[in-house]
Amino acid sequence: MAFPVPRTLSPSKVTTFTDCALAFRFSAIDRLPEPPTVAATRGTLVHSALERLHLLPPADRTVDAALACLDEAERELRDHPDYVGLGLDDEQAAAFRDEAAALVRNYFRLEDPRSVRAIGLELMVEAEVDGVRLRGIIDRLELDEDGELVVTDYKTGSAPPTTHERKRLSGVHFYALLCEELLGRRPRTVQLLHLKEPLAISTHPTDRSTRGTRRTLRAVWQAVERACEREDFRPRRSALCGYCAFQAYCPVFGGDPDAARRLAEERAAEADGGGEGVPVAVGQAGAAGADDPAPTLAPLTPSPAS
Ligand code: SF4
């Protein structure tokens, strides 16, 4: 029996599939639970703090205000399973908070938030492109000084080496394509703000880069469909295995992928069906998660407050 084909493709799914097809299967098809990690939870916290910062009037977006936003976001996160699941003791919790604060401070070394004219924060976007349902969350959509769209993605982990420049920008090109499909306007700029280094990388989408993004997404989708049909998701050992939550099921580490399948089937039976969540065309993702229904995108005009 073939594997069910996932309903949507997101930048993280594309990356997971190209890094290791078997990890993609465990995550996107078997939907095995992944324990929370300090890095991912810290990323969630920093994203939430920066979202709050950009909801403030431009003149109020100071470092102190950003740290207050971080405090607020942290208070909210404390009861979340992703934070509770980390099981941090007091010392570890203080280190977690200090590292998040360092990332927030670094953000101010990359840009002056008072000049940012955001029209959407943590925007969930979904559209069908060339027969593939694409989905993702744009950290920030804004207007530049000429009223052109800019897509910004915050990164809280280490930046990949410069030799991986194209790969690291592929996620923002994905979002540029989604914006173009949904809003009828191609963003002038897409940028990555790596908060750890800190390092800003930006580029301007073109006809050529858009064609390339479409081609890549079609190729990945066809490969996913083929792998599902043939039940052929191969492991790919790499340095990423050290961070993989699925080692127990991976044959490279002596695991049995069929055990993951059985577990997935049991979970599906228990859940009495289930799916991939509620599709939303364009919305604003709430702090509780990406599947929250949400208001629509702000109009593409600068806000008076900006
Ligand atoms: S442990 Fe490595 S090879 Fe195995 S599924 Fe994870 S990333 Fe792939």
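Analyst: A definition to start: a residue is buried if 20 or more other C-beta atoms lie within 10 Å of its own, exposed if 12 or fewer, and partly exposed in between, with C-beta atoms placed from the backbone. By that count, buried residues make up 32% of the 306 residues in the protein. This is a predicted model, where local features need pLDDT of at least 70 and side-chain atom pairs count only at pLDDT 80 or more, while totals for chains, interfaces and linings use all residues. Residues are numbered from 1 along each chain as its sequence is written.

User: How many helices and strands does the protein have?
Analyst: 9 helices and 6 strands. Helices (H or I, at least four residues) and strands (E, at least two) are DSSP runs, numbered from the N terminus.

User: What share of the contacts comes from residues 24 or more positions apart?
Analyst: 66% of the contacts with a separation of 6 or more. Two residues are in contact here if their C-beta atoms, placed from the backbone, lie within 7 Å.

User: Ok, the core. Which residues have the most contacts inside the largest one?
Analyst: Val46, Ala49, Val104, Val151 and Tyr175, in a nonpolar core of 57 residues. Helix α7 (residues 165-183) gives the most to this core, with 8 residues. Domain 1 (38-113) and domain 2 (115-212 + 279-284) each supply at least three residues to it; those domain bounds come from an automatic or database domain assignment. A nonpolar core means a set of buried Ala, Val, Leu, Ile, Met, Phe, Trp, Tyr and Cys residues joined through C-beta atoms within 7 Å.

User: What does Ala49 touch?
Analyst: Ala66, Cys69, Leu70, Ala73 and Val104, not counting residues up to four places away in sequence. Ala49 is also one of the buried residues of α3, which include Val46, Leu50 and Leu53.

User: And what covers the buried part of α3?
Analyst: The cover includes α4 (63-77), α5 (81-84), α6 (90-110), β1 (117-129), β2 (132-143) and β3 (149-155). As for length, the 18 residues of α3 (residues 38-55) should span 26 Å at 1.5 Å a residue, and the end C-alpha atoms are 26 Å apart, so the two agree. The expected span is 1.5 Å times one less than the number of residues in the helix.

User: Where's the cis peptide bond?
Analyst: It joins Glu197 and Pro198, with omega about -15°. Pro198 is found in the loop between β4 and β5 (199-203).

User: Buried or exposed, or in between? What does Leu32 count as?
Analyst: Leu32 has 19 C-beta neighbours inside 10 Å, so it counts as partly exposed. Over in strand β4 (residues 189-194), Leu192 has 20 and so counts as buried.

User: Last one: which residues are closest to the ligand?
Analyst: Cys20, Pro235, Cys241, Cys244 and Cys250, out of 14 that surround it. Near means the C-beta atom, placed from the backbone, lies within 6 Å of the molecule. That shell divides into 11 nonpolar, 1 polar and 2 charged residues. For those classes, Ala, Val, Leu, Ile, Met, Phe, Trp, Tyr, Cys and Pro count as nonpolar, Asp, Glu, Lys and Arg as charged, and the others, Gly among them, as polar.
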